[in-house]
Amino acid sequence: MTTNDDAKDRFCGANTRSKKGPCRRPAGWGTSHAGIGRCKFHGGASETHEKAAAMTMARREAASLALTGVQVAPTEALLMALYSAVALTASARERLAAVQVEANAPALTVESAHKVFVESLDRQQKYAESCVRLGIESRQVAAIERFGEAMMSLMVSVVDELGIPKAKSRPVIAAHLANALDEAP
Ligand SMILES: [Zn+2]
C-alpha cells in the first residue's frame, strides 16, 4: 500500500456529485467501523458495508499479528512440551520393552535403553510439575498425559500399518518429538 492509498483510506471518499469532489468525512464516520470505509451518509451503516468492514478489520488484525510474530502463551508452549514429553516416554518405553525381549541384546543396549526411558520419564514429570505450578489442575495435566500417549500410539499405528520398519520409523518419530521439546519454554 502506497502513502497515497493511506491518505485516501483516511476519508470516506464516496462520490458526492458536488463540485467539492469526494466526501471528506473520516473513513467510517458515524458507523461501527471508524477508520474503515464509507461514512454513515454514504452507505457505511448498511449491513453489507458493516460486514465488509468487519472483514477488513479482521484481516488487518491478522496481518499485524503476522508482522509481530504470533506469541504463543507460555502455558500453551508448556502443554505442547508435555504432549511431546509423554509421547517420547511412550516411545522410550516401547524401545526398552523391545530390547528386553530380544534374545541376544547386548547388556549395554538394554542398559542404555533403560536409561533413556528413565530420563524421558523424569522430563515428563518435570513438565507436569511446571503445568501444576502454572495453575493447571492436576486432573487436567493427567488428561494431557493421556492425550500424549494417544498421540504416540496413533503415530505408531499409522507408520506400522504403512509397513515402515520400526528401525526406520521410530527414530523419525523420536526426532520430531525432540524438536517439539526444543521449542518448549
Ligand atoms: Zn461520506
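Residues in between are partly exposed. Keep that in mind. We are looking at a predicted model.

Try the rule on A97. This residue lies in helix α3. A97 has 12 C-beta neighbours inside 10 Å, so it counts as exposed. Where does A97 sit relative to A113? The two are 16 residues apart along the chain, and their C-alpha atoms are separated by 8.9 Å.

Next, T109. You will find it in helix α4. T109 has 13 other C-beta atoms within 10 Å, so it is partly exposed. In sequence, T109 is 13 residues from L96. In space, the C-alpha atoms of T109 and L96 are 9.1 Å apart.

Now I144, in helix α5. Buried or exposed? I144 is buried, because 20 other C-beta atoms lie within 10 Å. Which residues does I144 touch, leaving out those up to four places away in sequence? They are L79, L82 and Y83. Take Y83. It is 61 residues from I144 in sequence, yet their C-alpha atoms are 6.6 Å apart.

Let's step back to the whole chain. It has 6 helices and 0 strands. Along the sequence the pattern reads α-α-α-α-α-α. How much of the chain is buried? Of its 185 residues, 23% count as buried. Now take contacts between residues at least 6 apart in sequence. Of these, 50% join residues at least 24 apart.

On to the core. In soluble globular proteins, nonpolar side chains tend to be buried together. Here, the largest nonpolar core has 20 residues. Which residues have the most contacts inside this core? They are L82, A87 and Y127. Four helices each supply at least two residues of the core: α3 (74-101), α4 (107-133), α5 (138-161) and α6 (166-182). The helix that gives the most is α3, with 11 residues.

Y127 is then in contact with L78, A81, L82 and A85.

First α4. How does its length compare with what we expect? Its 27 residues should span 39 Å at 1.5 Å a residue, and its end C-alpha atoms are 39 Å apart, which agrees. Which residues of α4 are buried? They are A113, F117, S120, Q124, Y127, A128 and C131. Remember the helix rule: an α-helix has 3.6 residues a turn, so residues three or four places apart point the same way. Keep the rule in mind as you trace the buried positions on screen. After α4 comes G135, with a positive phi near 95 degrees.

Then α5. This helix has 24 residues. From first C-alpha to last it reaches 34 Å, close to the 34 Å expected at 1.5 Å a residue. Its buried residues are I144, E145, G148 and M152.

For α4 and α5, the angle is about 145 degrees and the axes are 9 Å apart. The crossing is right-handed. Who makes the contact? From α4, it is A128, C131 and V132. From α5, it is S138, V141 and E145. By type, the contact residues divide into 4 nonpolar, 1 polar and 1 charged.

To close, here is the picture to take away. The chain has 6 helices and 0 strands. Its largest nonpolar core has 20 residues, and α3 gives the most to that core. Thanks, and let's open the model.

Technical notes
Residues numbered from 1 in each chain as written. Predicted model: local features only at pLDDT ≥ 70, side-chain atom pairs only at ≥ 80, totals over all residues. Core = buried A, V, L, I, M, F, W, Y, C linked by C-beta atoms within 7 Å. Contact = placed C-beta atoms within 7 Å. Axes fitted to C-alpha atoms, helices over the stretch in contact; angles between N-to-C directions. Left-handed = near helix turned anticlockwise from the far one by under 90°. Nonpolar A, V, L, I, M, F, W, Y, C, P; charged D, E, K, R; others polar. Expected span 1.5 Å × (residues − 1).
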